[in-house]
Amino acid sequence: MSTSDTHGSASAEVAARVERRWATIAVVIIVVMALLAAFAGIHRATMPQPRVETTDPSRIHLSGEFVESNLGSVLEANGAVTVRAIGQQYSFTPACIVVPADTPITLRATSADVVHGILIQGTNINTMLVPGYISEQLMRFTKTGDYLMPCQEFCSFGHEGMWGKVKVIDKADFANRAKGGGRLSCVGQ
Amino acid sequence: MLVNRKLILAHFWLAFAVFGIALTLGAWQMFIRSPIGTWLSNPELYYRSLTAHGTVMGYVFPTLVAMGFGYAISETALQQRLVGVRWAWTGFWLIVIGSIMAVIPIALGRASVLYTFYPPLIGNVFYYLGVVLVVVGSWIWVALMSVNLRVWRKANPGAPVPLAMFANVAGSYLWAWTAVGAALELLLQIIPVAAGLKNTIDAGLARIFFSWTLHAIVYFWLMPTYIAYYTIVPRAIGGRVYSDSMARISFILFLVVAMPIGMHHTFADPQVGAGFKFIHSAFTALVALPTLLTVFTICASVEIAARLRGGRGMFGWIRALPWDNPMMLALAFSFVMLGFGGAGGLINMSYQLDASIHNTQWITGHFHLIFGGAIVIMYFAIAYDLWPHLTGRELMDIRLIRTQLWLWFIGMIVTTFPWHWVGILGMPRRMAYFDFADPAIAPQALSVTFSAIGGFVLLASGIMFIVILARGMRAPLADAGPYRFALAVHEPKTVPVALNTHALWVALMIGLTLTNYGYPILNLALSSGTSVPAVYVGAQ
């Protein structure tokens, strides 16, 4: 194990070479992973919310896009759907969100009090609701059916009871319901 | 040279005592929210328990282990009596007082905000002050580690700092800077509100401050484990460290890149834009590098031990390892859990995949596997290795030690694997109960039951650990000889200044934190109208 003899220094060189090779492999693995993430972000549009939007939670019920009459799903002129929702201790409004299948949907949501989260089970739709800020998620459902939508962030003692629902219905059916205008939801259905 | 054994034992005993309490609470939580428990009539009790479990396991237990181990390293690696013993005791007592101060409001249900705080939820001010005292106590340790190294350098100018101490001081600096994020959140934002001086708070800014602490704290928990990998394991199994300089590089990398990556906890948050999230994601990938290097160096060091024991062949040497040696077992278990946990971590850090599992039970499974599994099992091994030197008595129960390690490993796998699975199914975190009668939730019932059973296996293992150490205090006296650290195959005679000092790396750590956090923090701090009314816990 002495470094002074020739055998020792030769083995030290071998050791260093093997080690360098491994370090190179490790760096390559990491670079490839970062590039894949960047590629997927740019090409598949799977990015986190790009913009920061703010809102005053003490006034959201009085004016602006999150007043009660504006919550729910609306069919836009271009055929897309916008869903507006709020989270508060311990429920979502609307508690049941109705959306069409095979349609680009924009979810816009915020919190009226503490930090909450929206998670739609069986999908990768998942966002935080932080009071003071607006969360925006793009989504698209391929299958009709009912999905559970729990609050995924601790919001005090009633957190375990904060479950909402998403009902994905047929596209034509949704268009029919949207004919009368207004904001759709499936609360009470 | 272990002079201040009482000091070190006090840290370890307090650490393991609070660990035992928090572990019991954890097992109860697993049980009560599983289908084998009955619904809690008062869910609030669950959140008290959860706050206590997280606060102890996150802030108190690993900090005390790092401190006790750090003092032991300072005395044994430097062969020098600890300088500043009185200060060390002051730090210890600050942690005791802080813990008591924090636990009383938790027990009364006035601080059920979880260890992650979650403003605008605001608990009793004494909870936060208690946490601050714990951190201040640990900062005394940071200062002492630095002072002791400086004293040693003066007496040994230019000599290579022993690897264990080099890593230990790197870990202490990492902690000092890591804790600043939560400290800013507490001192500037939360405590003024909890004390009634203000009644609004910017929740988004608070989350960014906390993310500064929340990720790098994991590497602070990890430090004692990595120090054990490099400086204890090879000696304990009769091998040598493959490369001293690669070890130093790994610890330096942790110091530099563990910090500026915390925003990968906020991928799903609305208060930061995608740009900084991507930067943090890429830096998080970088932090896998020191772990990959460590896996190589430690496997190579273990192979050296096996070949010295007569092991042959490409993989045949694995059989020649001393598998009845608790240190060997602990290392193997730790590596298996590190492998699975690390793979899960790579999923969490990529924001495409993170969206599928963010804030689900997957995350809880992930950090229990890494921290409770890979890291804590090495805390056990460290305690077993140091105990005879601290007590002057032999640890007699080798077979019991092996059983304890096996149970911890099995318990952790049985607990966390189903935990990951229900996370993929979309089960949210931090819920006091689940309605398993709901057809959409029913398929998760079996997995949750397994997790709960695993929790009890862990509890049994934890009790055994404490019993073994307690029996070790009363075993017959036996001189364990001087405490030694592992030697490298090629022991360094000289070490480049960059691998022998910390200043450059600390400067880089601070610089990278400023570039990766400076703009988002300033941007949030300067924007008006985002402060929201506080919601006081226990006031409803």
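Two residues count as in contact here if their C-beta atoms, placed from the backbone, lie within 7 Å. Keep that cut-off in mind for the tour. The model on screen is predicted.

**Stop 1: chain A**

Select chain A. Among its contacts between residues at least 6 apart in sequence, 61% join residues at least 24 apart. Colour by secondary structure next. Chain A has two helices and eleven strands. Follow them from the N terminus: the order is α-β-β-β-β-β-β-β-β-β-β-β-α.

How does the radius of gyration of chain A stand against that of a compact globule of 189 residues? Chain A has 25 Å, whereas such a globule would have a value near 16 Å. Of the 189 residues in chain A, 38% are buried.

**Stop 2: chain B**

The elements to look for are 16 helices and four strands.

The C-alpha trace of chain B spans about 65 × 50 × 45 Å along its principal axes. Buried residues make up 59% of the 540 in chain B.

**Stop 3: a helix pair in chain B**

Select residues 398-424 and 445-472 of chain B. These are helices α14(B) and α15(B), and they pack at an angle of about 155° with their axes 8 Å apart. An angle over 145 degrees counts as roughly antiparallel, so α14(B) is roughly antiparallel to α15(B). Their crossing is left-handed. Show the side chains where the two helices touch. The contact of α14(B) with α15(B) has 20 nonpolar, nine polar and no charged residues.

**Stop 4: where the chains meet**

Bring chain A back. Here 60 residues of chain B are in contact with 53 residues of chain A. Which elements of chain B give two or more residues to this side? They are α2 (44-77), α6 (203-231), α9 (274-286), α10 (288-308), α12 (351-357) and β3 (532-533). Select α9(B) next: it gives the largest share, seven residues.

Finally, colour the side of chain B that touches chain A by residue class. It divides into 36 nonpolar, 17 polar and seven charged residues.

Notes: Residues numbered from 1 in each chain as written. Chains lettered and ligands numbered in written order. Predicted model: local features only at pLDDT ≥ 70, side-chain atom pairs only at ≥ 80, totals over all residues. Nonpolar A, V, L, I, M, F, W, Y, C, P; charged D, E, K, R; others polar. Axes fitted to C-alpha atoms, helices over the stretch in contact; angles between N-to-C directions. Parallel < 35°, antiparallel > 145°, perpendicular 65-115°, else oblique. Left-handed = near helix turned anticlockwise from the far one by under 90°. Buried ≥ 20, exposed ≤ 12 C-beta atoms within 10 Å, placed from the backbone. Rg over C-alpha atoms; globule rule 2.2 N^0.38 Å.
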